[in-house]
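These are my notebook entries on a single chain. I looked up its elements, its helix packing and a few individual residues.

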Amino acid sequence: MLIVNKLDLEAENAKRIDENYSGAVSGIYKVSAKTGEGIDELFSAFTGKLIVFAGQSAVGKTSILNRVSGENRQVGELSRKTERGKQTTTVSEIIEKNGVEIMDTPGFSAIDISLGEDELPHSYPEFLPYLGECRFSDCRHTNEPDCAIKNAVSGGKINKERYTRYTEIYKELKNGKKR
């Protein structure tokens with residue numbers, strides 16, 4: 001699932017994320033750790049599960065955890081220079097509250113994933129129903145005619161921005177660049 005925090009500051013960005021990723025994840029939860037908006041719905045989705053918060057540094061993972069759990073874990077002040085949060089969490093820890101287990105993790109700036117160009121289409125869940133439906137069995141879903149993925153994009157069934165990022169990543173992988 002995808003959690004979009006800071007809804008109180010970036011409602012338009014949250015809407016764009018929803019449009020881009022709704023076909024790629026099992027649920028998108030838009031919340032504001034600051035105001036509490038969306039937190040009850042998010043907590044309901046967590047019931048009976050072990051949840052791991054993973055994401056970039058300073059996006060508010062610990063602040064969301066504090067709202068959901070009623071805890072008061074340390075969060076960083078805003079940077080005066082960038083006016084953004086600073087990483088505070090340094091170790092992973094599981095918090096249990098009302099039948100929900102949540103693991104808070106330190107943030108990251110990037111993830112290095114080894115992925116081959118042949119594997120890339122399988123990492124896009126919204127592509128899966130169309131794989132194997134193209135005219136050519138070795139279709140890369142970039143420039144080939146009668147591509148089921150490209151047709152799904154044209155038909156509005158796959159988000160165009162996500163597809164554009166797919167083609168960019170594909171080119172990087174094909175040229176041997178790590179992402």
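**Entry 1: the hairpin.** I began with β4 and β5, which form a hairpin with two residues between them. In the turn, asparagine 98 has a positive phi of about 50 degrees. I note here that the model is a predicted one. I then looked up how the two strands pair: β4 (residues 93–97) and β5 (residues 100–104) run antiparallel and are joined by five bridges. For lysine 97, I found valine 100 in β5 as the bridge partner.

**Entry 2: the whole chain.** I next listed the secondary structure, which comes to five helices and five strands. Along the sequence I read the pattern β-α-β-α-β-α-β-β-α-α. The chain has 179 residues, of which 34% count as buried. I also looked up the contacts with a separation of 6 or more: residues 24 or more positions apart account for 55% of them.

**Entry 3: α2 against α3.** I turned to helix α2 (residues 39–46) and helix α3 (residues 61–69), whose axes come within 10 Å and cross at roughly 85 degrees. An angle from 65 to 115 degrees counts as roughly perpendicular, and α2 and α3 are therefore roughly perpendicular to each other. Which residues meet where α2 packs on α3? From α2 I recorded Ile39, Leu42, Phe43 and Phe46, and from α3 Ile64, Arg67 and Val68. By class, this contact of α2 with α3 has six nonpolar residues, one charged residue and no polar ones.

Entry 4: I asked how many of the nine residues of α3 are buried. The count is seven, so α3 is largely enclosed by the rest of the structure. I listed these buried residues as Lys61, Thr62, Ile64, Leu65, Asn66, Val68 and Ser69.

**Entry 5: α1 against α5.** I then examined helix α1 (residues 11–21) and helix α5 (residues 160–174), which pack with their axes 7 Å apart and at an angle of about 70 degrees. These helices, α1 and α5, are therefore also roughly perpendicular to each other. Arg16, Asn20 and Tyr21 of α1 meet Glu161, Arg162 and Arg165 of α5. By class, I found four charged residues, one polar and one nonpolar in the contact of α1 with α5.

**Entry 6: the buried side of α1.** Which residues of α1 are buried? I found Ala14, Ile17 and Asn20. They cover an arc of only 125 degrees around the axis, which puts them on the same side of α1. I recalled that an α-helix has 3.6 residues a turn, so residues three or four places apart point the same way. Among the elements covering the buried residues of α1, I recorded β1 (2–4), β2 (28–30) and α5.

**Entry 7: alanine 148.** Is alanine 148 buried or exposed? The relative accessibility is 13%, and under 20% means buried, so alanine 148 counts as buried. Apart from its neighbours within four places in sequence, alanine 148 is in contact with Tyr130, Glu133 and Cys134. Tyrosine 130 is 18 residues from alanine 148 along the chain, and I noted 5.6 Å between their C-alpha atoms.

How values were computed: Residues are numbered from 1 along each chain as its sequence is written. This is a predicted model: local features need pLDDT of at least 70, side-chain atom pairs count only at pLDDT 80 or more; totals for chains, interfaces and linings use all residues. Side-chain values use heavy atoms; hydrogens and water are left out. Axes are lines fitted to C-alpha atoms, for helices over the stretch in contact, and angles run from 0 to 180 degrees between N-to-C directions. Helices (H or I, at least four residues) and strands (E, at least two) are DSSP runs, numbered from the N terminus. Angles under 35 degrees count as roughly parallel, over 145 as roughly antiparallel, 65 to 115 as roughly perpendicular and the rest as oblique. Contact means heavy atoms within 4.5 Å. Ala, Val, Leu, Ile, Met, Phe, Trp, Tyr, Cys and Pro count as nonpolar, Asp, Glu, Lys and Arg as charged, and the others, Gly among them, as polar. Buried means under 20% relative accessible area, exposed over 50%, partly exposed in between (1.4 Å probe, protein chains only). The arc is that of the directions from the helix axis to the C-beta atoms. Two strands pair if DSSP finds at least two bridges between them.
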